[in-house]
Amino acid sequence: MTNHLATIFSQHSFLGGCNRAFRHKWFDEYGWWFVYSSKLDGAFCVCCALFTKPADRKKLGVMINSPFAKWHHKSDVIGHHPKKVSHAFAVQEAELFIQSVENPETTIPILTDSIRQINMDENRHILKSVAETVLYCGRQCIALRGDNEHLQSQREPQSSNKAQPTGRTQPSGNPGNFLALMKLLANHDKKLKQHMESPKLRNATYLSPQTQNEMIDVIGKLMIQAKIVEEIKEAQIYTIMVDEVTSHNIELMPLCIRFVDKDCNIREELLEICAMARITGKHIASTVKGVLSGLGIHLADCRGQGYDGASNMSSENVGVQALIKKDAPKAVYTHCSGHCLNLVIAHSCAIPIVRNTLDKMKSTVLFFTYSPKREGLLKEVAKKGAQSMGQMKPLIDVCRTRWAARHEAYSHFYNSFIHIIKSLEVISLGQHSDEYSQDVTTGWACQNKVEARGLLSGLETFDFVITFVTVYQFRSHLAGITVKL
Ligand SMILES: [Zn+2]
């Protein structure tokens, strides 16, 4: 080692009146930044030479851009070098560089990256809960929004809403199903709880109505719709079904696609609900074409169209079916069988004897369901009369126009008919008082007795019984058809 150093530092120069050379002990005299180049026979500051910014480098000279070898000026040049501001910066840069090589995990970029990663993980965790909650509400068909979307509002004592002198209806403080579910999840999730109670960024809580809508859009468009479109493209040929409905004064047009999937199941899927400015054949047809082409579904592969019989849909010149056929000649138009069936049933309701029967049935149902006392009597009569409680189910109100879908209501009425007659006899005529408790057999108001007598006389007629049984019988056949259409 000594020989080696002797060789390195053996270059002598005649300077300041005598031969001078670099000395090894100078390494100890100055800092670690001080280095010697045997090739150039001069000293450098390694920090300044390597870490000075290019812009500052031009102003600097010896020990940085060129070697220092005037050893007789050593103390002036080398001794003063550490006092330079540029040197202090260069040393700092060099130390950071060494640290980043020796302990990479402590450097700022790595630390920033790991903090970013932690934030990303936390945000993903929270977004996952948000997405799951939105999906849950969607699957269960429950509304997301509440009338007062503040998590804190539920904690306020209910007494604060009491005794409003103005008599105004106060908000219930229900934050809605979405926020309530998020709160429930947070009870079992520390990260979520912390986020909901004190979010790191108040403008990024992921709980706002906007986030809920964005989440619904993302799930609806990018996941559910994309999957359906993929399956339709796989099936290639398909049929379209379109209808219009008015909701909150907005004309909406649901577009459904019927196709056979790869497992040979006949599928009917809702593809899009479009808000319509106008509902002429031209507008509907162009909207349908726009939606399909936007999703990359070829209209030429359409083999069928099913709409209601309205002229804007069915017209051979300006109807949707004619306009679609221009681009898809093989798309056969069929008047929707479900609509046809409903029209037939609705027309049958117009027959006076059927209409009277249904009106009597509806009045009877309302008579019992609108009063807990009358319903209590019916239940007691049914309980004693029926072989088991299972036979007696609550009477369901009957909707005349959509009655194809209300088979249950007729079935319950049919099964409860005897009990209904008996209950009406109890109320109107005071009969069967020995069979049932006094609570339900006595104390009927005069108005109730009159109504019950009217209903009883209506239900006991030959016309009613025959018509009801006929309607009930043919309806029971329709129940299966309705499901299959
Ligand atoms: Zn330096």
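Modeller: Two residues are in contact if their C-beta atoms, placed from the backbone, lie within 7 Å. Keep in mind that this is a predicted model.

Colleague: Then which residues does Val-288 touch, leaving aside those up to four places away in sequence?

Modeller: Val-288 touches Ile-240, Val-242, Leu-255 and Ile-324.

Colleague: Which residues have the most contacts inside the largest nonpolar core?

Modeller: They are Ile-240, Val-242, Ile-257, Val-288 and Val-320. The core has 18 residues.

Colleague: Let me step back to the whole chain. How many helices and strands does it have?

Modeller: The chain has 20 helices and ten strands. Of its 485 residues, 18% are buried. Now take contacts between residues at least 6 apart in sequence: 62% of these join residues at least 24 apart.

Colleague: Now single residues. Is Ile-353 buried, exposed or partly exposed, and why?

Modeller: Count the neighbours. A residue is buried with 20 or more other C-beta atoms within 10 Å, and exposed with 12 or fewer. Ile-353 has 13, so it counts as partly exposed. Ile-353 sits in helix H15 (residues 352-369).

Colleague: Which residues does Ile-353 touch, not counting those up to four places away in sequence?

Modeller: Asp-463 and Thr-467. Thr-467 is 114 residues from Ile-353 along the chain, yet their C-alpha atoms are separated by 7.3 Å.

Colleague: And what about Cys-340 in helix H14?

Modeller: Use the count again. Cys-340 is partly exposed because 14 other C-beta atoms lie within 10 Å. H14 covers residues 337-349. Cys-340 and Asp-308 are 32 residues apart in sequence, and 8.0 Å apart in space, C-alpha to C-alpha.

Colleague: Last, helix packing. At what angle do the axes of H15 and H16 cross?

Modeller: Roughly 105°, and the axes come within 6 Å. H16 spans residues 372-385. Angles of 65 to 115 degrees count as roughly perpendicular, so H15 and H16 are roughly perpendicular to each other.

Colleague: Which residues meet there?

Modeller: From H15, Phe-367, Phe-368 and Thr-369. From H16, Arg-374, Glu-375 and Leu-378. By class, this contact has three nonpolar, one polar and two charged residues.

Conventions: Residues numbered from 1 in each chain as written. Predicted model: local features only at pLDDT ≥ 70, side-chain atom pairs only at ≥ 80, totals over all residues. Helix = DSSP H or I, 4+ residues; strand = E, 2+ residues; numbered from the N terminus. Core = buried A, V, L, I, M, F, W, Y, C linked by C-beta atoms within 7 Å. Axes fitted to C-alpha atoms, helices over the stretch in contact; angles between N-to-C directions. Parallel < 35°, antiparallel > 145°, perpendicular 65-115°, else oblique. Nonpolar A, V, L, I, M, F, W, Y, C, P; charged D, E, K, R; others polar.
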